[in-house]
Amino acid sequence: MIFPPWLERLQVKYMNPALKPFARYLPGAALIKHRGRKSGKPYETIVTAYRKGNLLAIVLGHGKTDWVKNVLAAGEADVQFLRRSVHLTNPRILPAGTAGPELPWPARMQGRRIAVFVADIA
């Protein structure tokens with residue numbers, strides 16, 4: 001986690017709700033739709049996603065947050081970006097420093113110091 005906890009609380013409480021209606025139209029922003037591990041309640045979380053072929057990468061600047069745990073537990077999720085929706089399968093986390101050439105270049109650059117969430121597009 002590279003961001004301080006107070007910034008994460010600010011983002012979750014104020015910034016995400018303000019950006020949510022526009023997230024699917026902003027370049028680089030995406031809306032990941034997942035279900036709670038225990039409750040099964042549907043959630044939508046704003047993320048910055050990078051796509052290369054059939055691979056989607058999300059840099060985990062906030063660490064292993066609830067949405068990451070939910071998607072890993074379910075083994076799937078849906079992502080909506082630029083008016084398109086894709087289904088993710090085979091989610092996994094690449095530890096910091098293990099990003100390879102198969103990742104999009106922004107994720108590869110950031111993946112040197114931060115863990116990266118990676119999933120296949122079905």
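Modeller: Let's start with Glu76, which counts as partly exposed because its relative accessibility is 42%. For that label, buried means under 20% relative accessible area, exposed means over 50%, and partly exposed is in between, using a 1.4 Å probe and protein chains only. Before going on, keep in mind that this is a predicted model, where local features need pLDDT of at least 70 and side-chain atom pairs count only at pLDDT 80 or more, while totals for chains, interfaces and linings use all residues. Residues are numbered from 1 along each chain as its sequence is written, and side-chain values use heavy atoms, with hydrogens and water left out.

Glu76 sits in strand β4. Strands here are DSSP runs of E, at least two residues long, and helices are runs of H or I, at least four, numbered from the N terminus. Leaving aside residues up to four places away in sequence, Glu76 touches Val71, His87, Leu88 and Pro91; a contact means heavy atoms within 4.5 Å.

Leu88 belongs to the largest nonpolar core, which has 18 residues, and the members touching the most others are Ile32, Leu56, Ile58, Trp67, Val79, Leu88 and Phe117. Strand β4 (76–81) is among the elements that give this core two or more residues, along with β1 (29–35), β2 (42–52), β3 (55–59), α2 (66–74), β5 (84–94) and β6 (116–121). A second, separate core has 10 residues, including Tyr50, Leu94, Ala107 and Val118. By nonpolar core I mean a set of buried Ala, Val, Leu, Ile, Met, Phe, Trp, Tyr and Cys residues joined through side-chain atoms within 4.5 Å. In soluble globular proteins, nonpolar side chains tend to be buried together.

Leu56 counts as buried, because its relative accessibility is 2%. Not counting residues up to four places away, Leu56 touches Ala49, Tyr50, Arg51, Val79, Leu88, Phe117, Val118, Ala119 and Ile121. So what about Ile32? By that rule for neighbours, Ile32 touches Tyr43, Glu44, Thr45, Val47, Trp67, Val71, Ala77, Asp78, Val79 and Leu88. Leu88, then, is on the contact lists of Glu76, Leu56 and Ile32.

Asn90 counts as partly exposed, because its relative accessibility is 42%.

Finally, let's zoom out. The protein has 3 helices and 6 strands, running α-β-β-β-α-β-β-α-β from the N terminus. Helix α1 covers residues 5–19 and holds Leu7, whose C-alpha lies 9.4 Å from that of His62, 55 residues away in sequence. Among contacts with a separation of 6 or more, 57% join residues 24 or more positions apart. Buried residues make up 38% of the 122 residues, and the C-alpha atoms fill a box of roughly 35 × 35 × 30 Å along the principal axes.
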